[in-house]
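Here are some notes to read alongside the model, written for someone opening it for the first time. Please have the viewer at hand and follow the points in order.

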Amino acid sequence: MQQPVLAPERPALRSELPALDADFLALLMRRQLTLSVSCAVCFMSLLLGLPLANYFLPELMARRVGGFTLSWLILGVLFFPLVWTISFVFIRRSMALEAAEAAYAKGERP
Amino acid sequence: MIDPWILSFSLVTVAVTVAMGFWTAGKSKTASDFFVAGRSVSVGWNASAISGEYLSAASFMGVAGMVMKFGYDALWYPVCYACGYLFLLLFISGPLRRFGAYTIPDFAEGRYDSPLFRKIAVIFVLAIGFLYTMPQMKGAGTALAYIFPGLPYWAGVVLVGAVVTLNVALGGMKGITVVQAFQYWAKMFAISVPLFVVMSVYGSYSTHLGMNAAEGPVPAVAERLPLPEKAPEDLAWISPFGPLTTKAAAAAGIPPEGRRPYSLLYTYSLIIALVCGTAGLPHILVRFYTNPDGAAAKRTTMWVMILIGVFYVFPPVFGVLGRSLLPDLYSATGAKGTDKVVLELPRLVNERLPVWGSILSGVACAGAFAAFMSTFSGLLVSMTGALAHDVYGRIFRPASSQAERLKAFKVSAVLIGAVAVALGVQVEAFDINFMVGQAFAIAAASYFPLLFMSVWWRGMTTKGAAAGMLGGGLTALASITLTSFSDLGYIPLAGFWTTHPLLRILCEQPAIWAVPLAIGLMAGVSLLTRADVPADIVKKMLVLHAPESLGLRQEYDAEHAVAAH
């Protein structure tokens, strides 16, 4: 099997970083997964909550807002900006998390 | 009779696509250019290209037609098509890019050190790709038949297939990146400008939606033609749990008040299929390898969500306006029915502003062309990559030179293009949404669980991954095929479905059980075979998750791989 080759620009870096072990991996994955799952829960509660609202609160969801029913307005128009907001928050936090993890691995304690 | 405006705009789209293909062909020189666009595509270009590739004929024409036909329930399609990218962003795009493979089978083999698993992954890339290609071909055939009345269906398929295959063979991934980015903006223009003109003449989105009264008299704020018998009633159309999701329960003779639980189940299964399927489509996933790094892959995903989210606001508006202004479309089916509302609606403007209606319809036709051409391009690159890189370059000729791999790419593109055209010619009788649904359901039950579990669980083994991917993907395919063949009359199950509406829903929309089945099989079999977890799993997972600045990133660089062999 053809093994992938490491990027040539930093050939010696791994051996210089004793922190890159199973413990560091566990820390990385735990922090990143916590962030991803939090955002996913927020998204899924909106996505899976809307059918439930339609099911249990049909009169409220059929109420007119302009010409739209409330349910149509949420799903057909407002849902997109809500998801963009979640993704924007995720990316900002994810970048900050990666910067902190890199600093930690390089021994740059705050 | 051929409308000269529609013909002109469509020809311009094809001409620009071909010209851009030739222009970019000169810039694509290395294997890396062809497979992953030199890994140098900026966030803006890549987001436009991914969006251009993703917005297929089903999105451009099908969503509007479905909203017109089924009402509220069809809104889940555009919303989940767009929001599925959030799952990609949260769980898959960054780690996948960091792993540095060329294709998904590269990832499968690299993650599990299993050449056998590469072969399984290649089969799935080709299977999902061909399933997704067929509806694009159907779109091409029907759109050309609309432009040239009397033109046989197969001629449109062959023409579009040949043009796109030429483009891909000439420029590879780097070439189609520019073309697809252009095609996103062409589609955005083509869906929005005609609609704004139609709304300025005939009334707004909310005005026409407001005419679908749940109770009482219809407000006479804009003109509305009488609905034919085949059109759903206002209340059923505008409310959740309408004709799309209650079909099985209604066929079983269940009274309206008892249908809602079935409808809720159908809705959830549809949501899971579309969201997880989006995050598991190989031709979309392969695009993330063209980003310079994982951070760029994440930013690209966010911009894709914005670009396609803005786009998906428009097709439902066509559906809503079409219900008021073109109710005759309810009486026909397939390409002659509600599916062509995007192409037909702008023509109405001719009544008030002569010629402008034809020009706007021409613009919409150009958008439809851009839709099936760009999606087919992306699928072709993805499948060609699987054949040229995974089958030829990795399985048959691992020591091949870069020049040989480039030649293999071009030969594979022509081969896959020819097969796609041959299959496309056969599917005239099939429904576009049926074929798209098959591809999504299989992707949701195979690639999505594979990627999600491989990225986030260290304990996954090759056997677990293969069992889950095959178990989920094949059972989803089998159940969808069962319902479809039964609907086409090949299997006599109509009586069975009317007495078992729950089974009918679970077979027609299998994601709600197939995705958990795939994940469960992966977890269960991996636990039983835990001794097979790759020895260097910590290193592999660090490559997937550690920030790029630590220098762990891998690259399947053709030159280095050949040198190292």
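1. A word on accessibility before we start: buried means under 20% relative accessible area, exposed over 50%, and partly exposed in between, using a 1.4 Å probe and protein chains only. With that in hand, B:Asp536 has a relative accessible area of 24%, so it is partly exposed.

2. Some housekeeping. This is a predicted model, where local features need pLDDT of at least 70 and side-chain atom pairs count only at pLDDT 80 or more, while totals for chains, interfaces and linings use all residues. Residues are numbered from 1 along each chain as its sequence is written, chains are lettered from A and ligands numbered from 1 in the order in which they are written, and side-chain values use heavy atoms, with hydrogens and water left out.

3. Chain B as a whole. Of its 565 residues, 65% count as buried. Taking contacts (heavy atoms within 4.5 Å) in chain B with a separation of 6 or more, 83% come from residues 24 or more positions apart.

4. Where the two chains meet. The contact draws 61 residues from chain A and 73 residues from chain B. About 6,000 Å² is buried between chain A and chain B, 74% of it on carbon and sulfur atoms; buried area here is the accessible area (1.4 Å probe) that two parts lose on being put together, summed over both.

5. Pairs across that interface. The rule finds two salt bridges between chain A and chain B, a salt bridge being a side-chain nitrogen of Lys or Arg within 4 Å of a carboxyl oxygen of Asp or Glu. One of them joins A:Glu98 and B:Lys298, with the closest N and O atoms 2.9 Å apart.

6. What chain A brings to it. Strand E1 (5-6), helix H1 (22-56), strand E3 (68-69) and helix H3 (70-105) of chain A each give two or more residues to the side that touches chain B. H1(A) has the largest share, 21 residues. By type, the residues on this side of chain A are 43 nonpolar, 11 polar and seven charged.

7. Which residues touch the most other members of the largest nonpolar core? They are A:Phe43, A:Trp72 and B:Tyr312, in a core of 203 residues. Such a core is a set of buried Ala, Val, Leu, Ile, Met, Phe, Trp, Tyr and Cys residues joined through side-chain atoms within 4.5 Å. Helix H7 (residues 115-147) of chain B gives the most to this core, with 18 residues. Have a look at A:Phe43: leaving out residues up to four places away in sequence, its contacts include A:Phe79, A:Val83 and A:Ile86 as well as B:Cys83, B:Leu86, B:Phe87 and B:Val275.

8. Helix H6 of chain B. Nine of the nine residues of helix H6 (residues 104-112) are buried, so this helix is largely enclosed by the rest of the structure. Among them are B:Asp106, B:Glu109 and B:Arg111. B:Asp106 makes a salt bridge with B:Arg118, the closest N and O atoms being 2.9 Å apart. B:Asp106 sits in helix H6 and B:Arg118 in helix H7 of chain B, so the pair ties together parts that are 12 residues apart in sequence. Both B:Asp106 and B:Arg118 are buried.

9. B:Asp113, a spot worth a look. B:Asp113 lies in the loop between H6 and H7 of chain B, and its phi is near 50°, a positive value in a residue other than glycine. B:Asp113 forms a salt bridge with B:Lys540, the closest N and O atoms again being 2.9 Å apart. B:Lys540 belongs to helix H24 of chain B, so this pair ties together parts that are 427 residues apart in sequence. Buried or partly exposed: which applies to B:Asp113? B:Asp113 is partly exposed, with a relative accessible area of 31%, and B:Lys540 is buried at 4%. B:Lys540 also forms a salt bridge with B:Asp536, where the closest N and O atoms are 3.7 Å apart.

10. Another positive phi. B:Phe241 is not a glycine either, yet has a positive phi of about 60°. B:Phe241 lies in the loop between helix H10 (234-238) and helix H11 (247-251) of chain B, and counts as buried at 10% relative accessibility.

How values were computed. Helices (H or I, at least four residues) and strands (E, at least two) are DSSP runs, numbered from the N terminus. Ala, Val, Leu, Ile, Met, Phe, Trp, Tyr, Cys and Pro count as nonpolar, Asp, Glu, Lys and Arg as charged, and the others, Gly among them, as polar.
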